[in-house]
Amino acid sequence: MTTFTTRCPSCHGLNRVPNERIAEQPHCGKCQAHLLDGAPIEGTSENFMALLQSPQPVVIDFWAPWCNPCVGFAPVFSDVAEERSGEIRFVKIDTEAQQQLAAQFQIRSIPTIMLFKDGQRVDMLNGALPKSHFSQWLDEALNK
């Protein structure tokens with residue numbers, strides 16, 4: 001059985017999740033919060049490929065802590081993640097900490113937002129948007 005480790009978005013505790021359970025709604029062993037829905041998931045090189053195999057679409061925010069537009073967009077991304085819980089998985093990848101993933105996806109500017117369905121990239125967006133525009137882009141991209 002292959003597993004990956006993910007950080008709980010609520011208590012920040014580390015949890016090991018079997019790849020076979022990615023389609024389920026795993027809970028944090030410490031605080032019982034949902035690990036993969038309702039809040040952005042911390043993407044790492046260890047859990048990224050398993051997250052992409054989700055039966056749900058996956059939206060990824062490539063960001064960095066020193067980037068003011070990224071920091072400003074974070075609440076928008078979190079709000080939409082909460083609103084679309086169970087429909088779409090939201091992942092945040094810190095390009096400073098996960099340089100290999102940033103290079104793999106050829107991230108040249110941040111924030112860069114990508115939408116994946118069935119493990120394939122469907123659309124990409126560069127730059128931060130207000131919540132209404134981000135939701136509109138997401139709706140259009142999901143219909144591709």
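Mentor: Quick ground rules: residues are numbered from 1 along each chain as its sequence is written, and side-chain values use heavy atoms, leaving out hydrogens and water. As the model is predicted, local features need pLDDT of at least 70 and side-chain atom pairs 80 or more, while totals for chains, interfaces and linings use all residues.

Trainee: Why is the pair of Phe77 and Phe134 called tilted?

Mentor: Rings of Phe, Tyr and Trp (its six-membered ring) pair if their centres lie within 6.5 Å; planes under 30 degrees apart are stacked, over 60 edge-to-face, and the rest tilted. The centres of Phe77 and Phe134 are 6.0 Å apart, so they pair. Their planes meet at 40°, so the pair is tilted.

Trainee: What makes Phe77 and Phe134 a link between distant parts of the chain?

Mentor: Phe77 sits in helix H2 and Phe134 in helix H4 (residues 131-142), 57 residues apart. Helices here are DSSP runs of H or I, at least four residues, and strands are E runs of at least two, numbered from the N terminus.

Trainee: How do you know that Phe134 is buried?

Mentor: Buried means under 20% relative accessible area (exposed is over 50%, partly exposed in between; 1.4 Å probe, protein chains only). Phe134 has 0%, so it's buried. Phe77 has 0% too, so Phe77 is buried.

Trainee: And why does Thr95 count as buried?

Mentor: Its relative accessibility is 10%, which is under 20%, so Thr95 is buried. Thr95 lies in the loop between strand E5 (89-94) and helix H3 (99-104).
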